[in-house]
Amino acid sequence: MTTNTQPDSSGSETTADQAFAQQNPHIDADPSLFGPGSQFHRLMNDPRWALAMVRATVLEAAHPQIGAALIDNSTFVAHPWRRLHNTFLSLQRMSDADDHVRQREAARLNRLHARLNGIGAHNQPYDAMDPQVRAWVVATLFESAVTMGRLGGQPLEQSAMERLYAEFQGYLAALGDKAGHLPPTLREFWQYYDRVVQEELENTEALRIILYKLFDHLPAPAVLEGMPTIWATGRALAGPVIGAITVASLPEPFRRRAGLPEIPGAQTLMQSAYLGVGLARFLPEGWIRADALASLLSLSPESDDPRARTISAVRDGIKRAGALLRLITPLPAQPDPADTTETQRSAEDFFHAVLDQTGDGYLDWPDLAAMAREISGRLDLEEPQETRLYNAYADWWKELQAALDSDGDGRICAEEFAAAVPALAGPALIKVADVLFDVTDADGNQSIDADEYRALFRTGFRRDMAATGSMYSRGEFVKDFLSFMSGRQRSTTYDPLLTQA
Amino acid sequence: MQVEKDVSDSVSSPAQADSRRPVGQGQRRGIPRHVACVMDGNGRWAAQRSLPRTSGHRAAETTVIDVIEAARSAGVEWLSLYAFSTENWRRPSDEVDFLMHLVRRVVRKHAPLLHARGVRCRFLGVSDSKIPAPLAQDFDDLTTLTGANRGMTLTVAFDHGGRGDIVEAARSLIRQGVPADAVTEESFAARLPFPDTPDVDLVIRTSGEQRISNFMLWQVAYAEWVFTPVLWPDFRAAHFVECVHTYQQRDRRFGGVAPAVNGVPRP
């Protein structure tokens, strides 16, 4: 597999944007296309949107190119909650009323997509910058939003649908893609959509992983960590249900072609789910918001966010319930509880928890790229810092590959890693630590203050650090980072950043 | 050393009135705040009946529950049980295995009851990797489950050694680089496991043995000891009350100085 680690930034996006704006003056000329009054905004506040997003993701994964890209690069198997949160955040920014916020996010997405290309398994080339591909992603989001209304018993009116379509076209335009890849009118859109569903979608590996693996093995969101019993019980019930609901909501021609099972009653179940979740809209405003829920799920329990404290209280209650449940259940056949209290973890644990971000059992460039992506997303980096960070990670990857890939297959497996752990802290890793310090130190005063620290770790300084003076020096930062990455020391700050689901 | 205060004075002094339970009639010494039991005599109990040693341990379960209940209703705030010492690992391995299994069963069986009675349970020691993981998990679960309870605190010393605790506290002082002059009894006590535990007032040792056996060495400094010839499996609530009564008859002097009681009163 080859991957492009040195993308050149696409300078043509502004011109494409302008050309599109000229073609479609009504889109860019209307400042109220996004913002609080938009269809898009309404969508984000609809609890059914979460179901629709899952459906859209499945339809995206069924596209051969996107499927290949997901398999190679995506962290959604190992870190689904983090990814969900990032996706919501991105959609929210892309529909912000402020033009500047939208442009910034579009530029970030473009940089991110430009790094996603290569040749996947079965020699399927993929390129996340391919306009056809991006058009299909937007098409699935739009179509899922429309379908969500239909299934929930509240179909959108024609005018609302037109407006929503215009908004999604605007979304694509903001990314700089030409409009031609998404048909100009709604009528033509349906022809386009049906054609892709009928002719291009396949039963890809990514699709199967989402439907059959992800839902059954969904890792617990961070806030529920430490309660594996509760989570496993709930998931055993919810996983197959979500799977069945999603399958039943897919277009019929595609289900037939992909050979997806028809489960008796699944249609009814699916419609009741959309209807039931839709009813949650009548709860008082702000009670249920898809984006709030997504950020809640990716919240680390150690965070000093005020919501985390409430959750901690609930967690304690659930923990006690879990403890009682375990104590009163008849003795099981010798379960082996993972020991999470130790500060050292085995090389194998570290490999799976930290390094293998895509969860495919191998360490490869996309794993390290995912780390760089997560960090630059959190710090909201712009060029040239983002490229500096990626380059540092790329150099580290070369170092790792040279040192650890003993069987020469281009990637590193857990055994190769475990055999050579001491060699891990090479100069390139120190360089990563250095660059990470530089980009975290937003004001460039050579120390990380509480705000910069929070941007990276989403929590305040630890108490002992606050006591010694509220700054984090380069030396300490590099030392902590290296002891986490090489000494395999557990860390209350790095763990949520890199290991959380 | 010559200033010998009357004990009933020191017990009912205002400073202690709130942390110690008021005396029944206001006359003599009150209920001990912290009672510890060294559960001795299971093996002899079994031998007297020509039963295997293990059945002695099994019979001990009833006593444990009886004593917990007796202590709770007598108004004891802290109860510590010495279940298994670090030295006990030297016993024959099937006996150790049996004990581990028994403890696990007892913990699971009585967890809901202990929780319902508002008893806060915790385990002192429990550091050895020889303790089977499922048992450690059960200890954890019981601690979590009852952690917020505000009734009696039950500390089960499991795999505990008093000297080991003291050495650990010393290590932690040295690690933190505390200067020698700054080490006081209070700062030392604060580094013992469960530093909120008050000093032991009364230790009951069954089966006529009269030894300390490395049990909570620091905390028993001023404890009264009651040695009863009754074997632990025969020990019942009535015996417990009797021991408390004996304690109440005694004249505690604390070497003539007011006692420094470890720990803080719980809210």
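What is the handedness of the crossing of H4(A) and H8(A)? The crossing is right-handed; point 2 takes it up.

1. Ground rules. This is a predicted model, in which local features need pLDDT of at least 70 and side-chain atom pairs count only at pLDDT 80 or more, while totals for chains, interfaces and linings use all residues. Residues are numbered from 1 along each chain as its sequence is written, and chains are lettered from A and ligands numbered from 1 in the order in which they are written. Helices (H or I, at least four residues) and strands (E, at least two) are DSSP runs, numbered from the N terminus.

2. A helix pair in chain A. Helix H4 (residues 48-61) and helix H8 (residues 131-151) of chain A pack at about 140 degrees, with axes 9 Å apart. Axes are lines fitted to C-alpha atoms, for helices over the stretch in contact, and angles run from 0 to 180 degrees between N-to-C directions. H4(A) is therefore oblique to H8(A). Angles under 35 degrees count as roughly parallel, over 145 as roughly antiparallel, 65 to 115 as roughly perpendicular and the rest as oblique. Right-handed means that the near helix is turned clockwise from the far one by less than a right angle. Among the contact residues are Trp49(A) and Leu59(A) of H4(A) and Trp136(A) and Met148(A) of H8(A).

3. The sheet of chain B. Six strands form an open, parallel sheet in the order E3-E4-E2-E1-E5-E6. Strand E3 (120-125) and E6 of chain B are at the edges with a single partner strand each, so one side of each lacks a neighbour in the sheet. Two strands pair if DSSP finds at least two bridges between them.

4. Two pairings in that sheet. Strand E1 (residues 34-38) and strand E2 (residues 78-85) of chain B are joined in the parallel sense over 5 bridges. Ala36(B) has Ser80(B) of E2(B) as its bridge partner. Strand E5 (residues 202-205) of chain B pairs with E6(B), also parallel, over 4 bridges. Here Ile204(B) stands opposite Val226(B).

5. Helix H9 (residues 237-249) of chain B lies across E5 and E6 of chain B, at about 135 degrees to E6(B).

6. Where the chains meet. In all, 11 residues of chain B are in contact (C-beta atoms, placed from the backbone, within 7 Å) with 11 residues of chain A. On the chain B side, H6(B) gives the largest share, 8 residues.

Terms used. Contact = placed C-beta atoms within 7 Å.
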